[in-house]
Amino acid sequence: MEDFSIDRRKLLLGATALGAGALAPAAARAQDAGTTAATGTAAAANGLPSRGEFLIKGATVLTMDDTVGDLPVGDVHVRDGEIVAVGEVVVAPNATNIDGNGMICMPGIVETHFHLWTCSVRPLANSNVPEKGYFPITGTLGPFYEPDDAYDSVRLGLAEALAGGVTSFQNWAHNTRSPEHADAEMRAMRDMGVRGRFAYGTPQKGATDKPMDAADLARVQKEWITPDGLLTLGICSRNVAGNNAQRAAISIEMAQEDWGAARKLGLPITMHTSSGSPVKMLDDAGLLGPDVQLVHPLMTSEDDRKILAARGVSYSTSPLGEAKRAKDRGEIQLAELIEAGVKVSMSIDVSADQNCDCFNCMRLLYSLHKHRLPDVPLSTKRLVQLATIDGARDLGIDQKVGSLTPGKRADIILIRTTDPNMAPVGDPYDALINFAAPSNVDTVFVDGRMLRQNGQFTAVDFREVATKARESIFEVAKRAGWS
C-alpha cells in the first residue's frame, strides 16, 4: 500500500514551471463567484461552459500514470481543455485557482457499456413483480419509442452518471429504430457535453434475418463524428444464435455481414455474451480481433481466455447486474481475465432498476473477489485503474483520457474526503473503494469544461431533465398499452 503521509515527491512535468516551498492559500473553490468560474464566464455555442485555464491546488492527486505517480498534495494545471502540468507545486499566474484541499483529484470514470435508452423506465419497473422486470418492460416498450423518448432517456442517464463522476461512456444503443432515433441519441450526448461512443444497434423486436442499417451507420459517422474526438462511433451486435435467449439472436453468417460492414468503416464492435461462452465459435468464424469488446465475462474457459488475450479482445464486466444472476449463469471472472492478460473494463449496464454508482461497482467487484479468491492479491488501486485507464484502453481513447498525464485532455473529477461517510481518510484508494459514493463527487470536468461544481450542474436543469423523462416514458407506456 502506498504511504500518503510521508515525503512529497518532487515532479516536473509539462510546460509550466513548478515552484518550491509551501502552497499558497487556495482560493475558496474558485476565484470567481460565477458558476463557470473555473472555465471562464462565457458559454460555448451549444450552451455548455467554455474551456479556459484553471489550476487545481492542494488536492490528493491520483494520476493513474505510473510515470507521473501520485501526490499526497499536489496541483493540476489545465489550459484550453488540455492537462498542462501535474506537480507538487505548479506556478500558473494566469489560471483561475480551484481549491482542492480535502479533495481527491483523479481522472473521470470511464464506463464501457450503458443502455442509456432504458434509463427512463424507472417509474414503471418493479423488482417484486417479474412481469415488470427489466427485460419484460424494455422488450415491450422498446418498439414504441419515438426519437424524442430516446433523447429524454439518454439525457437522464447521462445526468445521473455525470453526477457520479463518470465522464466517458459507451452508449449501448440496442434500440436504434431509425436514423432519427440515432440522431436523437447522438444529440443528447452532444448536448450533455460528455465524451462517449455511440454503439449503433438494431431495434427491439426487429427482424433477425436482415442486416443492420449499414448505410445509416455510414451517415452517422459522416455527420456526427468530429475531429475533437468527444463523440465516437461503433456498433453493438445482436447476439449470435445459441448465446442468449433474452434478446433476439442472429446467425453467425449475419454477424459476419454486420461486423464486416462496421469494419469497412473502421468501427469497433461490442456484443453481449450472457448465456454460455461464444468465444470459440466467434474465433472459428474469424470474427475476433482487437476491435471487439465482449460484455458479461461469466462463463469463459481457460482456453477462451487464451484466445481472447491472443486476439486482443476486451471484456466489460457489469457487476451490479451480473451479481444478481442465478448461480448457473456463471460468476464474475475478473481475476481470471486479468491473470490471462485479457483487457478488462467496468460498466453500469442499466440504471432502470439500479442507480449509476461506479463506486459501488468497484466495491462489489472487490468484495466478490475477496469472497471467491481470498489468496489472490487484488489491490484497491487496481480497481480504481479498472474504472479509469482500463476503461479508456477498452474504448480506444487512452491516448486522450484515463489518466492525469500532461498532454491528455482534461476529464477530471474532484471527490470530497471531508464528508461524513469519508472522513478521516487514510489511503485514498481504500477510501474510494470502501467509502465513496456519487454524493461525494464535488466537481466534474469533461474536456476542460466544468459540467458540475459544488455538487451542482453548471449548464443543465436536472429538474427539467427528470420531468421530461418521466412524461416521455408514460407516453410510451400509453402507446404500448402497458399497465
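Helices (H or I, at least four residues) and strands (E, at least two) are DSSP runs, numbered from the N terminus. This is a predicted model, in which local features need pLDDT of at least 70 and side-chain atom pairs count only at pLDDT 80 or more, whereas totals for chains, interfaces and linings use all residues. Residues are numbered from 1 along each chain as its sequence is written, and side-chain values use heavy atoms, with hydrogens and water left out.

**Figure 1. Overview of the chain, with its 14 helices and 19 strands.** Of the 483 residues in the chain, 59% are buried, where buried means under 20% relative accessible area, exposed over 50%, and partly exposed in between (1.4 Å probe, protein chains only). When contacts (heavy atoms within 4.5 Å) are taken between residues at least 6 apart in sequence, 75% of them join residues at least 24 apart.

**Figure 2. The open sheet of eight strands, in the order 6-7-8-9-12-13-14-15 with parallel pairing.** Strand 6 (109-110) and strand 15 (343-346) stand at the edges, and each has a single partner strand, so one side of each is left without a neighbour in the sheet. Two strands pair if DSSP finds at least two bridges between them; strand 6 and strand 7 (residues 166-173) are joined in the parallel sense over two bridges, with Val110 standing opposite Ser168 of strand 7.

**Figure 3. Strand 4 (residues 96-99) and its parallel partner, strand 1 (residues 53-61).** Four bridges join strand 1 to strand 4, and Lys57 has Asp99 of strand 4 as its bridge partner. Within strand 4, Thr96 and Ile98 point one way while Asn97 and Asp99 point the other, and all are buried.

Figure 4. Lys408 is buried yet has no salt bridge, and the nearest side chain of opposite charge, that of Asp65, is 5.9 Å away. Here a salt bridge is a side-chain nitrogen of Lys or Arg within 4 Å of a carboxyl oxygen of Asp or Glu, and for charge Lys and Arg count as positive and Asp and Glu as negative, while His and the chain ends are not counted. The side chain of Lys408 does, however, reach the backbone oxygen of Asp398 at 2.7 Å. Leaving aside neighbours within four places in sequence, the residues in contact with Lys408 include Gly81, Glu82, Ile83 and Ile389, as well as Gln399, Lys400 and Val401.

**Figure 5. Helix 1 (residues 134-141) against helix 14 (462-480).** Tyr134, Ile137, Thr138, Gly139 and Leu141 are the buried residues of helix 1, and these residues pack against helix 14.

**Figure 6. Two loop residues, Pro424 and Asn454.** Pro424, in the loop between strand 16 and helix 13 (428-434), is exposed, with a relative accessible area of 76%. Pro424 and Gly102 are 322 residues apart in sequence, and their C-alpha atoms are 9.8 Å apart in space. Asn454 is found in the loop between strand 18 (449-453) and strand 19 (456-457) and counts as partly exposed at 43% relative accessibility. Asn454 and Asp442 are 12 residues apart along the chain, with 4.9 Å between their C-alpha atoms.

Terms used
Polar contact = N/O pair within 3.5 Å; in protein donor to acceptor, adjacent residues only side chain to side chain.
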